[in-house]
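Reader: I would like to learn how to read a structure feature by feature. Could you walk me through one?

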Amino acid sequence: MLSLLATSTRALLVMNLASAPLSRMVTPASVPEALLSTLAHAPYASLDDAELASLIRRDIGSLGSMSVGRPNRGQLINGVQLKESEYIHVVRPETAYATEETLFFLQRAVMAVHRQHPDTRPLYVGDISQKNGGHLKPHRSHQSGRDVDVGFFYTTADTWYRPATAKNLDLPRTWTFLRSLLTEGDVEMIFIATYIQKMIRSYAASVGEDPRWLAALFDGTGAGPRGAVFRHAPGHATHFHIRFHNPFAERAGSLAYASLVRAQVIPEIPTFTLHKAKKGETLGMLAKKYGTTVLAIQRANGLKGTTIQAKRVYKIPTHGAAPARSSASSVKKQPARQKR
Ligand SMILES: [Zn+2]
């Protein structure tokens, strides 16, 4: 058992990805599938709570990167810092921590650009996460090592945070980069202004990409439950915001969540359920129904008194459960001045 445990998620990931073909025969879905099947055999998956807790105390590093919670409310365990290289310029090293998977996918896409287009200047990479994740000003997400702000490949002398235009955006390099992410990585979504999406999409069509694939990527048609990969978000004309799926690190984070909280490695991550109040309901009734307190509901909703209004939707804190990625009831409301 112990020798198996020494195999970190990093080793498994590298073994698995090394065996995945790098050619364009890789379909968008095949790499995540391969990762997930390897994950089923990940050593920590067979540990019981006590073994996991003991490993967290003795050698937490052996568990590899863990992405805990969700991008908007999460933590990063064993984050790895993105290193400056001749291919990548790190804008803020102290907020360039990610999971191993995120860095692997990102760096592979950058290398794909350099293979196809020698003499490419370094790509500027902005915020990812803090060393241990958590809230990172001024972002709403970037909390769990899966969100990366990536600059553009420019045809001009621009380097970072210049809005993309038809004149300055280097579409061949941009598409090579995105294509690698989409076919050889595991991207959940890419936030980017609509007018830039249009430029990218028409370029991709012009080089012969499958129109059905492009429709799925940009319109979400046929893309399954995840919807479109490319999404418009305000403030994303100066950079891509790429959110990766991390099959290893998310699963590890979910498995280890309770043990990590108990060991006080991370704070409990609050999650919320939404409740639409019915006529006659009181805060006390809601507290009882959801196993919380009147005070907790008041705090979550900024309520001073105890009166609630029928048909209004209230946030109900739900503690103790491992946060699930696809929790439909989690709160999505975005404070006005935060970025993604
Ligand atoms: Zn961002």
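Predicted model: local features only at pLDDT ≥ 70, side-chain atom pairs only at ≥ 80, totals over all residues.

Reader: Let's begin with the overall make-up. How many helices and strands does the protein have?

Author: There are 11 helices and 12 strands. The protein has 340 residues, and 51% of them are buried. Among contacts with a separation of 6 or more, 71% join residues 24 or more positions apart.

Reader: On to the metal. Which protein donors does the zinc ion have?

Author: A general idea to start with: ideal angles are 109.5 degrees for four tetrahedral donors, and 90 or 180 degrees for six octahedral ones. Here the protein donors are His-142 through NE2, Asp-149 through OD and His-241 through ND1. They lie 2.0 to 2.3 Å from the zinc ion. Along the sequence, their spacing reads H-x6-D-x91-H.

Reader: Where in the fold do Asp-149 and His-241 sit?

Author: Asp-149 belongs to strand β7 (residues 147-150) and His-241 to strand β10 (residues 240-244). The two are 92 residues apart, so this pair links distant parts of the chain.

Reader: Are Asp-149 and His-241 buried or exposed?

Author: Buried means under 20% relative accessible area. Asp-149 has 5% and therefore counts as buried, and His-241, at 0%, is buried too.

Reader: Now the helices. How do α7 and α8 cross?

Author: Two packed helices are described by the angle between their axes and the distance between the axes. For α7 (residues 194-206) and α8 (residues 211-219), the axes come within 10 Å and cross at roughly 170°. Angles over 145 degrees count as roughly antiparallel, so α7 and α8 are roughly antiparallel to each other. On the α7 side the contact uses Gln-197, Ile-200, Arg-201, Ala-204 and Ala-205, which meet Leu-214, Ala-215, Phe-218 and Asp-219 of α8. These contact residues divide into 6 nonpolar, 1 polar and 2 charged.

Reader: What about α6 and α8?

Author: The axes of α6 (residues 171-184) and α8 come within 13 Å, crossing at roughly 85°. That makes α6 roughly perpendicular to α8. Trp-175, Arg-179, Leu-182 and Thr-183 of α6 make the contact with Trp-213, Leu-214 and Leu-217 of α8. The contact of α6 with α8 divides into 5 nonpolar residues, 1 polar and 1 charged.

Reader: Which residues touch the most other members of the largest nonpolar core?

Author: In soluble globular proteins, nonpolar side chains tend to be buried together. The largest nonpolar core here holds 45 residues, and Phe-177, Leu-178, Ile-190 and Ile-196 touch the most other members. Not counting residues up to four places away in sequence, Ile-196 touches Phe-152, Ala-164, Leu-169, His-236 and Ala-237. A second, separate core has 14 residues, including Met-66, Ala-252, Ala-256 and Leu-260.

Reader: To finish, two single residues. Is His-117 buried or exposed?

Author: His-117 counts as buried, at 16% relative accessibility. His-117 is found in the loop between α5 (100-116) and β6 (123-125). Beyond its neighbours within four places in sequence, His-117 is in contact with Pro-172, Arg-173 and Thr-176.

Reader: And Lys-276: buried or exposed?

Author: Lys-276, in strand β11 (residues 271-276), is exposed, with a relative accessible area of 52%. Leaving aside neighbours within four places in sequence, Lys-276 is in contact with Glu-281, Lys-311, Arg-312 and Val-313. Lys-276 and Lys-315 are 39 residues apart in sequence, with their C-alpha atoms 9.0 Å apart in space.

Note on methods
Residues numbered from 1 in each chain as written. Heavy atoms only, no water. Axes fitted to C-alpha atoms, helices over the stretch in contact; angles between N-to-C directions. Helix = DSSP H or I, 4+ residues; strand = E, 2+ residues; numbered from the N terminus. Parallel < 35°, antiparallel > 145°, perpendicular 65-115°, else oblique. Contact = heavy atoms within 4.5 Å. Nonpolar A, V, L, I, M, F, W, Y, C, P; charged D, E, K, R; others polar. Donors = N, O, S within 2.8 Å, 3.2 Å for Na, K, Ca; no water. Buried < 20%, exposed > 50% of the residue type's maximum accessible area, 1.4 Å probe, protein only. Core = buried A, V, L, I, M, F, W, Y, C linked by side-chain atoms within 4.5 Å.
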